[in-house]
Amino acid sequence: MHVINLAAESANPLIPHTAELIVGAVAFTLLFLVLRSKVVPMFEKAFTARTEAIQGGIERAEKAQLEAQRALAQYNEQLSKAREESQTMREEARTQGVAIIEELRAKAQEEAARITASAHASIEAERQQAITSLRNEVGTIAVELASKIVGEALDDQARQSRVVDRFLDDLEKSK
Amino acid sequence: MPLVHLLRTGEGFVPPSTNDFNLPPVIAGNEYTTKPILLVFLSVIMISVFFILASRKAAIVPSKLQFAGESIYGFVRNDLARDNIGHDFMRFVPYLFTLFTFILTNNIFGIVPLLQFPAMSHVSFPYVLAIFTFITFHYIGIRKQGIRKYMKDIMFMPGVPKAAYILLTPLELATFFIVRPLTLSLRLFANMFAGHLLLLVFILGGDHLLKGVIGLKLISPFAFAFGIGLTFFEFMVQCLQAYIFTLLTALYIAGALADEH
């Protein structure tokens with residue numbers, strides 16, 4: 001009897017209780033309002049801040065990298081410029097050196113030529129002088145010698161000179 | 001008469017029934033002080049306190065507490081709301097977040113020692129939640145597209161031969177206005193109800209076997225072990241049901257926002 005009653009009393013679990021419906025709606029709404037006003041904005045704030053922090057970090061890093069790349073390019077450019085400059089300077093120095101050597105050489109040759117020429121001239125002059133004085137002296141000596149041998153003074157200047165010339169001509173011919 | 005006798009002497013086993021879900025109010029006569037109602041209020045307080053504490057600082061580098069709260073919030077926000085609803089999802093995050101935490105907490109109460117009762121096994125609560133979801137997705141659908149276009153899209157699905165409307169129109173109407181809220185609430189209710197009943201069977205059964213003769217005493221530990229194993233299984237079901245309810249709500253909202261169904 002009791003068991004049967006129990007079965008009859010057992011409520012249909014699909015029928016809602018009014019109290020529970022009200023409590024469910026109120027509790028859920030309460031929770032919704034609390035989460036919406038207090039929790040969701042705070043989490044969103046944290047998310048936004050974090051995203052910004054990460055993005056800011058990335059941007060900063062990108063900027064730094066760009067800066068470094070620019071500096072590197074600048075240095076490379078400067079380096080190549082310097083290299084080029086040194087190359088031209090070396091080239092210039094070499095040509096200048098060659099020119100200087102050339103110039104010096106020309107100068108030296110000129111000097112040498114000049115010295116040689118003046119030496120030649122002085123030698124020639126001295127030779128002429130020597131020839132002249134020799135000729136005179138030899139003439140005088142020869143005439144003196146001949147006059148002494150012949151015993152006859154050949155005072156006449158013209159004859160004397162003629163005799164000497166003839167003598168020298170003979171000498172040259174016999175050579 | 002013999003049955004009554006057995007019951008009174010406590011020798012017969014009374015299988016758990018739907019009556020085990022209807023506990024008397026804590027304060028006699030006040031139907032607002034039953035266990036499920038108190039648990040629902042407790043859950044609201046616990047969820048509020050936990051998430052307010054977790055989100056209070058909103059730090060860029062989160063504490064453990066904030067990380068725990070953020071993980072749950074981020075899961076609902078990104079995996080449920082954003083991935084299903086799309087660009088306009090932020091409007092619905094508070095609702096979906098409340099749904100998920102509310103259902104999850106009340107479900108898990110079913111296996112928390114001392115509490116050990118899932119409020120969602122009382123059909124009233126799933127009904128309330130399903131009604132909220134029902135109102136939400138119809139309301140935003142109507143507001144987005146106007147009542148005429150919204151109803152027309154439901155009743156006369158575009159891109160279908162006219163003859164098919166004989167079959168489709170009643171089916172679609174039933175889907176949108178009866179099947180969706182009903183399945184949403186009954187799925188949650190039935191899972192929690194059956195899960196709790198199953199745990200009762202094994203634990204009360206094991207208890208009863210322990211009082212029996214020596215042979216039955218030896219079987220009793222197996223019943224308890226099974227009950228413990230099922231508790232873990234129940235935990236999985238409880239999480240899964242909270243997830244499904246929230247996911248389906250997100251999908252219904254996404255459907256109402258879409259231009260065509």
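Which hand, left or right, does the crossing of α3(B) and α8(B) have? In this predicted model, the crossing of these two helices of chain B is right-handed. The axes of α3(B) and α8(B), the latter helix spanning residues 214–257, come within 8 Å and cross at roughly 30 degrees. Because angles under 35 degrees count as roughly parallel, α3(B) is described as roughly parallel to α8(B). On the side of α3(B), the residues that take part are B:Val76, B:Leu80, B:Ala81, B:Asn84 and B:Ile85, and they meet B:Thr246, B:Leu247, B:Ala250, B:Leu251, B:Ile253, B:Ala254 and B:Leu257 of α8(B). Sorted by class, this contact comprises ten nonpolar and two polar residues, with no charged residues.

A further packing arrangement within chain B involves α5(B) and α8(B), whose axes lie 8 Å apart and whose packing angle is about 20 degrees. That angle makes α5(B) roughly parallel to α8(B), and the crossing of α5(B) and α8(B) is right-handed. From α5(B), the contact draws on B:Leu129, B:Thr133, B:Thr136, B:Phe137, B:Ile140, B:Gly141 and B:Lys144, while α8(B) supplies B:Phe245, B:Thr249, B:Tyr252, B:Ile253, B:Ala256 and B:Leu257. The residues of the contact of α5(B) with α8(B) fall into eight nonpolar, four polar and one charged. B:Ile253 and B:Leu257 of α8(B), which take part in the contact with α5(B), are also among the residues of α8(B) that α3(B) meets.

Between the chains, the contact is formed by 42 residues from chain B together with 34 residues from chain A. On the side of chain B that touches chain A, the elements giving two or more residues are α1 (2–9), α2 (35–55), α3 (64–85), α4 (93–108) and α5 (124–145) of chain B. Of these, α2(B) gives the most, with ten residues. The residues on this side of chain B divide by class into 30 nonpolar, nine polar and three charged.

As for chain A, its secondary structure consists of three helices and zero strands, and the pattern read along its sequence is α-α-α. Of the 175 residues in chain A, buried residues make up 7%.

Key
Residues numbered from 1 in each chain as written. Chains lettered and ligands numbered in written order. Predicted model: local features only at pLDDT ≥ 70, side-chain atom pairs only at ≥ 80, totals over all residues. Contact = placed C-beta atoms within 7 Å. Helix = DSSP H or I, 4+ residues; strand = E, 2+ residues; numbered from the N terminus. Nonpolar A, V, L, I, M, F, W, Y, C, P; charged D, E, K, R; others polar. Axes fitted to C-alpha atoms, helices over the stretch in contact; angles between N-to-C directions. Parallel < 35°, antiparallel > 145°, perpendicular 65-115°, else oblique. Left-handed = near helix turned anticlockwise from the far one by under 90°. Buried ≥ 20, exposed ≤ 12 C-beta atoms within 10 Å, placed from the backbone.
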